[in-house]
Amino acid sequence: MSTTLITGASGGIGYELARLFARDHHNLVLVARSADKLAQVANELQPRGVTVKTIALDLASPPAPKFLFDQLQREGIAVDILINNAGFGAFGEFAQMPEEEILGQISLNITALTELTHLFLPPMISRRNGRIMNVASTAGFQPGPLMAVYYATKAYVISFSEAIANELRDSGVTVTCFCPGATHTGFAKRAGTEKSRLFKQLGAMNAEKVALDGYRAVMEGRTLAISGAHNWLVAQSTRFAPRRMVTAVSRWIADKAE
Ligand SMILES: NC(=O)c1ccc[n+]([C@@H]2O[C@H](COP(=O)([O-])OP(=O)(O)OC[C@H]3O[C@@H](n4cnc5c(N)ncnc54)[C@H](OP(=O)(O)O)[C@@H]3O)[C@@H](O)[C@H]2O)c1
């Protein structure tokens, strides 16, 4: 049985992904900060005949990715599929944003994701077998006034993932960058975007459907996958429209609905 490691599996898209991998008989390593929520997920999924190991960790703290890797090495757990899903956004003008929110987004969305990829990739390459899925966002396709740092972190994830997918094309390891659009999870509340036009007027997808799109994308080894036809269209349209217009529309969508 193969083992899948999912970060941010205590809720939202990560939790739904965990359910899908358990359904298809993958042993799981689930990581998030909330030990109690992870224990609940483990209790739900273990009766399906898979082993579920939970590790409560703040991945935004610098030693966490290496600590996680070392712990699994010591326990002899080889990770066949790595899902870098944990991430968060924060709403507000950059100049007024507290430093810990700025650095926290960069630490979790970029640094932890990159370090985990760098740590878990070499054993996959040696086995000539492995899959990595990095959860970016449709936010990564354009600049995001009022969520400047979040959008920029997701642009990094897209660029990084596509580049290493190319480097690894003959290695037996696939890298998938998965881009959800607005999705009903705990994300909007944490980000302070519940009242944005994006969530209030344009509509969000449900996490179960989004996770299924991500699951299919990683199992098919697709390099870039966008969840939802409307999100795909919006992402494509940013490639041809003038940059200034794209940025202005992005701000309008991110802003609070009247
Ligand atoms: N929802 C959306 O609209 C949307 C759209 C596009 C992309 N995404 C991306 O999808 C991914 C999943 O988001 P979601 O919507 O499922 O959000 P969510 O419901 O807020 O879930 C986030 C998960 O990450 C964990 N997490 C947060 N901070 C962490 C930290 N410092 N260390 C370890 N784990 C941490 C959370 O658990 P704990 O709180 O227990 O740590 C939770 O399990 C993120 O990368 C997000 O950027 C979301």
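These notebook entries record what I looked up on helix packing and on the ligand surroundings in a predicted model.

**Ground rules.** I number residues from 1 along each chain as its sequence is written, and I leave out hydrogens and water, since side-chain values use heavy atoms. Because the model is predicted, local features need pLDDT of at least 70 and side-chain atom pairs count only at pLDDT 80 or more, whereas totals for chains, interfaces and linings use all residues.

**Helix 1 with helix 8.** I looked up helix 1 (residues 12-23) and helix 8 (residues 207-220), whose axes come within 8 Å and cross at roughly 55 degrees. Helices here are DSSP runs (H or I, at least four residues) numbered from the N terminus, and axes are lines fitted to C-alpha atoms over the stretch in contact, with angles from 0 to 180 degrees between N-to-C directions. The two helices are therefore oblique to each other (under 35 degrees counts as roughly parallel, over 145 as roughly antiparallel, 65 to 115 as roughly perpendicular, and the rest as oblique). Their crossing is right-handed (the near helix is turned clockwise from the far one by less than a right angle).

**Helix 4 with helix 5.** I then found helix 4 (residues 99-127) and helix 5 (residues 148-167) packing at an angle of about 10 degrees, with their axes 9 Å apart, and they are therefore roughly parallel. Among the residues that meet are Ile 106 and Leu 113 in helix 4, and Tyr 150 and Phe 160 in helix 5. By class, this contact has 10 nonpolar, 5 polar and 1 charged.

**Helix 3 with helix 4.** Helix 3 (residues 64-74) packs on helix 4 at about 25 degrees, with the axes 9 Å apart, and their crossing is right-handed. Phe 69 of helix 3 and Phe 120 of helix 4 are among the contact residues, which comprise 9 nonpolar, no polar and 2 charged.

**Ligand.** I noted 30 residues around the ligand, the closest being Arg 33, Ser 34, Asn 85, Tyr 150 and Thr 185 (a heavy atom within 4 Å). Among the polar contacts (N or O atoms within 3.5 Å), a ligand oxygen is 2.7 Å from a side-chain N or O atom of Arg 33, and a ligand oxygen is likewise 2.7 Å from a side-chain N or O atom of Tyr 150. A ligand nitrogen is 2.9 Å from a polar backbone atom of Leu 59.

Conventions:
A polar contact is a pair of N or O atoms within 3.5 Å; within protein, one must be able to donate a hydrogen and the other to accept it, and residues adjacent in sequence count only if both atoms are side-chain atoms. Contact means heavy atoms within 4.5 Å. Ala, Val, Leu, Ile, Met, Phe, Trp, Tyr, Cys and Pro count as nonpolar, Asp, Glu, Lys and Arg as charged, and the others, Gly among them, as polar.
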